[in-house]
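Here is a short tour for a first look. Keep the sequence and the 3D view side by side as you read.

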Amino acid sequence: MKRIPYKTYLPEEKLPQMWYNVRADMSEQPDPMIHPGTHEPMTLEQIAPIFVEELCRQELDDTTRYIDIPGEVMDYYKTYRPSPLCRAYHLEKALDTPAKIYYKFEGNNTSGSHKLNSAIAQAYYAKQQGLEFLSTETGAGQWGTALSMACAFMGLDLRVYMVKGSMQQKPYRKTVMETYGAGVIASPSDTTQVGRKILDENPGTIGSLGCAISEAIEAAMGKGDSCRYALGSVLNHVLLHQSIVGLEAKAAMEMLEEYPDVVIGCAGGGSNLGGMMSPFIQDRLLGRRSPVFIAVEPSSCPSLTRGRYSYDFGDTGCTTPLLKMYTIGSCYIPHPNHAGGLRFHGMSPILSKLRHNGIIEARAVPQKSVFEAAALFAKYETILPAPESSHAIRVVIDEALRCKEASEAKTILFSLSGTGYFDMTAYNSYLDGSMTDYIPTDEDLEASFATLPNV
Ligand SMILES: *Cc1c(COP(=O)(O)O)cnc(C)c1O
């Protein structure tokens, strides 16, 4: 039998040269982004004032199966890619499971996450367009860091609206972003109209991703034609860029003559899981293989498991185009749990459609059980995982234990989307016992659903 190494790196000549667009193989496309006033599908001309033009093209492109990765982006990728495909031998042994556990580790860059895969592409296309400035938001800080790195490399200015609660928990994230030259503002702030309005209504608020998105868009629009807004998850073009994760994982597994029975990832806006699973989804859509896909989210922000499949805004200020997605309502301010990157009210329209059509499953897990899984993983696999990624680890461990009970040697592949080095406040509250499991009531969610736009 072939001996599987602890880590597999694709050789440079085998690195994927194209991103994969899963929409091209979906028999039912995700519903289009629509205009909040007219409810008509948004056109390129309508979204181009908000986003970088080439990204708008990618956003609306439901048919091109493979898209070339530009040479400059490819060269940047080579500074931190390929990411390793790891076999979790130690974890398997600790769990005494017959399951084979693989993970793709995306934390080996300064942003500590997969976010850089899309950040560098977005900064590249912005530069190509002749822009000088990008504006964005960040929740946990990984996206803001990644885009700071990418903008520094491409010579663009960047302003980042960082969710205030998260800034308090992770002050050094701000320092990293500033080191790369970005301007960082705690959101909600008094630098935008929407920020001032949110502060007036709710002075003590710690903010949310939805608020920060509203501010970042307003700031971008205010700067005129040299500036655009950039988003690090949810949208189709972000999932496209993240397909690099799945393409590499699949090629590495092929080298090992392996194929997953189950693919697992955490889902905040859906980009790491969407990217990881897309080439495997292709096999499923084309009837070649039938792996199971599991999206894992926090019980405190349960869009895929308890949300409505409905058109909704992407932000609290109700300024974005409407997206058809699983949502718990754009006015919902998620409880300040410690997985900042998973506190978005909605979900990628692609993932939402796949879930709606029964192609992927979803599970919600409470916070304390996630940190238990994180600590176990850290002990045996040596990497200190991001709280976000640890949601996936929780379900991987549950699946591996189920395999043990059933004496089934399943092959599990999961996305280890990042590291938790900036999450010591979170780990601390787990260790000192002050961490709680917050789960919204049905009434909480119903109140929020009542504010969904009528489409
Ligand atoms: C941002 C982030 C997530 C959540 O975002 P997705 O778009 O769902 O991937 C998950 N893990 C890490 C480490 C992140 O930084």
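## Nonpolar cores

In this predicted model, the largest nonpolar core holds 75 residues. Trp 19 and Met 277 touch the most other members of that core.

Nonpolar side chains tend to be buried together in soluble globular proteins. In this chain, 63% of the 455 residues count as buried.

## An open parallel sheet

Follow the order E8-E7-E6-E9: these four strands form an open sheet. Their pairing is parallel. Strand E8 (183-187) and strand E9 (227-229) are the edge strands, and each pairs on one side only. From one strand to the next, the twist averages 20°.

Helix H10 (residues 209-222) packs on this sheet. H10 touches E6, strand E7 (157-163), E8 and E9. The direction of H10 makes about 170° with that of E6.

Now look at E6 and E9. Strand E6 (residues 133-138) runs parallel to E9, and three bridges join them. Leu 134 has Arg 228 in E9 as its bridge partner.

## The whole chain

The protein chain has 18 helices and 15 strands. Its radius of gyration is 20 Å, close to the 23 Å that the globule rule gives for 455 residues, so the chain is as compact as a globular protein of that length. The C-alpha trace spans about 60 × 50 × 45 Å along its principal axes.

Take the contacts between residues at least 6 apart in sequence: 76% of them join residues at least 24 apart. The chain exposes about 16700 Å², and carbon and sulfur atoms supply 50% of that area.

Methods
Residues are numbered from 1 along each chain as its sequence is written. This is a predicted model: local features need pLDDT of at least 70, side-chain atom pairs count only at pLDDT 80 or more; totals for chains, interfaces and linings use all residues. Side-chain values use heavy atoms; hydrogens and water are left out. A nonpolar core is a set of buried Ala, Val, Leu, Ile, Met, Phe, Trp, Tyr and Cys residues joined through side-chain atoms within 4.5 Å. Buried means under 20% relative accessible area, exposed over 50%, partly exposed in between (1.4 Å probe, protein chains only). Two strands pair if DSSP finds at least two bridges between them. Helices (H or I, at least four residues) and strands (E, at least two) are DSSP runs, numbered from the N terminus. Axes are lines fitted to C-alpha atoms, for helices over the stretch in contact, and angles run from 0 to 180 degrees between N-to-C directions. Contact means heavy atoms within 4.5 Å. The radius of gyration is taken over C-alpha atoms; the globule rule is 2.2 Å times the number of residues to the power 0.38. Accessible areas come from the Shrake-Rupley method with a 1.4 Å probe; for residues, only the protein chains shown count as cover.
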